[in-house]
Amino acid sequence: MRQKIFAICDMEEAYALRLMEYMLEKVKLPYTYHLFTRVEELEKFARQEEIAILLIAESAFKMLQEEYVRQQAAQIFVLQESDVSVETGVEAGLGYVSKFQSPGKIVEALSETVTGLPDWDNKTHEESKVKLIGIYSPIKRCLQTSFALTMGQILAKKYRILYFNFECYSGFGQMLRREFPMDMMDLMYYFRCDQDRLYLRLPSMVQNINGLDYIPPIQSDLGWREVTGRQWLELCKKIAGIGQYEYIILDLDDGMEGLFDLLRQCYKIYTITKEDSFATAKISQYEQILKFNELEEIADKTVKCRFPVFKELPANLELMTHGELASYVKAIIKEDLYGK
């Protein structure tokens, strides 16, 4: 069956290309995309092909000479460029969305209307072979998150990676000097409310650091401990079904519910150890708990990592692929990085 056509028309070439690239890379929809930077080209194309969805800049829309372009497109969205509010369109299938916002926000705005069309269904891939990597240690201040971010950024040079940090107080915002409008709890909220549209929400929530995609960690622990391990797993499964990622890295924490549920589903687990007596005692108690609860499978999948005292660690989270720690991590994840 021939795919429907999603056309984008904007005379600002750089903007149009950026929007098109975002749609191609981040949004998985059952449409063929066509980009036009001249209204004449759009009109010529429309004489030969039916357009299911047309996303067109306000200035370009005003220049349309051919009435049939407006009539044959099943749905038209105008990228509003003026500060003055545009009156609600009286033409069938006409909607407005502000042009001056991120591509993710534009997609989110479109989804509220377009998802009502029969062709805009949740066309996710069959559940892909996404690998869950768990990183957990009962020892605190053991470089667990540094290890996780370094691993993620290294793997991201070859694979598509999504990183989750489950700490209550991760400090990501301060470390990256960013303010996050949404975090993991917002993602869980959207998943609970309307998981079939999650694939449209996800792109606008994903942040990136040196090639590694991540969802900002929780900003407040309100309601966080009420989320079960099974719910986090279902969320990961849904994201896996979208087909965008090859690995999902779970940087896990003691305070969360369902820690063992998540660890059981990981294909590999990395646990950082230390040589001091307290660290040894904690690892021993953790392993006894696994044995008592008949969770030896977690121990069997665990790779223990012990690091020396590093002279210096990168102060910038975007530079984790450089330095001594990165060299150790590359050796530890050699199989995942280069294959067997």
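L162 is found in strand 7 (residues 161-165). Strands (E, at least two residues) and helices (H or I, at least four) are DSSP runs, numbered from the N terminus. At 0% relative accessibility, L162 counts as buried; buried means under 20% relative accessible area, exposed over 50%, and partly exposed in between, with a 1.4 Å probe and protein chains only. L162 and L212 are 50 residues apart in sequence, yet their C-alpha atoms are 6.7 Å apart in space.

This is a predicted model, in which local features need pLDDT of at least 70 and side-chain atom pairs count only at pLDDT 80 or more, while totals for chains, interfaces and linings use all residues. Residues are numbered from 1 along each chain as its sequence is written, and side-chain values use heavy atoms, with hydrogens and water left out.

**The whole chain**

The protein chain has 15 helices and twelve strands. Of its 340 residues, 50% are buried. Among contacts with a separation of 6 or more, 70% join residues 24 or more positions apart. The accessible surface comes to about 17,800 Å², and 48% of that belongs to carbon and sulfur atoms; such areas come from the Shrake-Rupley method with a 1.4 Å probe, and for residues only the protein chains shown count as cover.

**The cores**

A nonpolar core is a set of buried Ala, Val, Leu, Ile, Met, Phe, Trp, Tyr and Cys residues joined through side-chain atoms within 4.5 Å. The largest one has 63 residues, and L55, F164, W232 and I239 touch the most other members. Helix 10 (residues 229-242) gives the largest share of this core, seven residues. Apart from this core lies another, of 35 residues, among them I139, F180, F310 and L337. As for F164, its contacts beyond four places in sequence are M184, L187, I215, C236, I239, I248, I249, L250 and D251.

**Helix 8 and its partners**

Which helices does helix 8 (residues 184-194) meet in the table below? Helix 10 and helix 9 (residues 198-205). Axes are lines fitted to C-alpha atoms, for helices over the stretch in contact, and angles run from 0 to 180 degrees between N-to-C directions.

| Pair | Axes come within | Crossing angle |
|---|---|---|
| Helix 8 and helix 10 | 11 Å | roughly 80° |
| Helix 8 and helix 9 | 10 Å | roughly 170° |

Angles under 35 degrees count as roughly parallel, over 145 as roughly antiparallel, 65 to 115 as roughly perpendicular and the rest as oblique. Helix 8 and helix 10 are therefore roughly perpendicular to each other, whereas helix 8 and helix 9 are roughly antiparallel.

In the second, D186, L187, Y190, F191 and D194 of helix 8 meet L198, R201, L202 and M205 of helix 9. By class, this contact with helix 9 has six nonpolar, no polar and three charged residues. Here Ala, Val, Leu, Ile, Met, Phe, Trp, Tyr, Cys and Pro count as nonpolar, Asp, Glu, Lys and Arg as charged, and the others, Gly among them, as polar.

**Two positive phi angles**

L143 is not a glycine, but its phi is positive, near 75°. L143 sits in the loop between strand 6 (131-135) and helix 6 (144-155), and at 26% relative accessibility L143 counts as partly exposed. E294 has a positive phi of about 55° although it is not a glycine. E294 lies in the loop between helix 12 (277-292) and helix 13 (296-300). Is E294 buried or exposed? At 66% relative accessibility, E294 counts as exposed.

How values were computed. Contact = heavy atoms within 4.5 Å.
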